[in-house]
Amino acid sequence: MPNSMSVRRLRPAVLLTTAAVVAVAAAGCGSTGEGTTATPTVTSATSASPAAGVLGVRDPWVKAADKGMTAAFGTLVNDGNADVTITAASTEVSPMELHEMTMKDGKMVMQPKQGGIVVKAHSRATLEPGGDHLMLMNLAKPVKAGDELSVTLTFADGRTQTFTAVAKPFTGAEESYAPGHGDSPMPEMSMSPAS
């Protein structure tokens, strides 16, 4: 009889443990009620994960600007087995272009990135001031520090992915835009600090 007594004592303990696990799981999956402030699980540090899209997008941000042009930056992570090519980008506040910085006549100049931005398989590509970046052209409205912009990437295979970038004030690598060829200005980069 001691064995059946042990089994009877064990069953309530198992049931209580199971009930506690179910209650915790239900609380984690439940909806928030009024007056409850829930923080989102997606942060600006990782706007998109490979499971949610083609690339992981880490620390996405946009340089705050009142008018004209600005740019979006971040780290693109390709955990896949194939190279990924970004062929276009778009946002609601302006047309966008894929840009790179290159030396011309002894100056760093910005120009469209021919062939798109390639993120090799199992690697990263950094979008940064003074390097490859997503250029916002002819802002329709100011982009103030703290604003969140949705940016949609288009890939060579036709897939798209949207991420959110937060606008930040930035004074390094100040852009100065000089008239260039055609209707759009050709910006030049000055590496001096902002005044």
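A: Thr70 touches Val62, Lys63, Ala64, Ala65, Leu134, Met135, Leu136 and Leu139, leaving aside residues up to four places away in sequence; a contact means heavy atoms within 4.5 Å. This is a predicted model, in which local features need pLDDT of at least 70 and side-chain atom pairs count only at pLDDT 80 or more, while totals for chains, interfaces and linings use all residues. Residues are numbered from 1 along each chain as its sequence is written, and side-chain values use heavy atoms, with hydrogens and water left out.

Q: Why is Thr70 called buried?
A: Buried means under 20% relative accessible area, computed with a 1.4 Å probe on protein chains only. Thr70 has 2% relative accessibility and therefore counts as buried.

Q: What lies 2.5 Å from a polar atom of the side chain of Thr70?
A: The backbone oxygen of Lys63 lies at that distance.

Q: Why is the pair of Trp61 and Phe73 called tilted?
A: Rings of Phe, Tyr and Trp (its six-membered ring) pair if their centres lie within 6.5 Å; planes under 30 degrees apart count as stacked, over 60 as edge-to-face and the rest as tilted. The ring centres of Trp61 and Phe73 are 4.6 Å apart and the planes stand at 40°, so the pair is tilted. Trp61 belongs to strand S2 (residues 56-63) and Phe73 to strand S3, twelve residues apart; strands are DSSP runs (E, at least two residues), numbered from the N terminus.

Q: Why do Trp61 and Phe73 count as buried?
A: Trp61 has 13% relative accessibility, so Trp61 is buried. Phe73, at 4%, is therefore buried too.

Key. Buried means under 20% relative accessible area, exposed over 50%, partly exposed in between (1.4 Å probe, protein chains only). A polar contact is a pair of N or O atoms within 3.5 Å; within protein, one must be able to donate a hydrogen and the other to accept it, and residues adjacent in sequence count only if both atoms are side-chain atoms. Helices (H or I, at least four residues) and strands (E, at least two) are DSSP runs, numbered from the N terminus.
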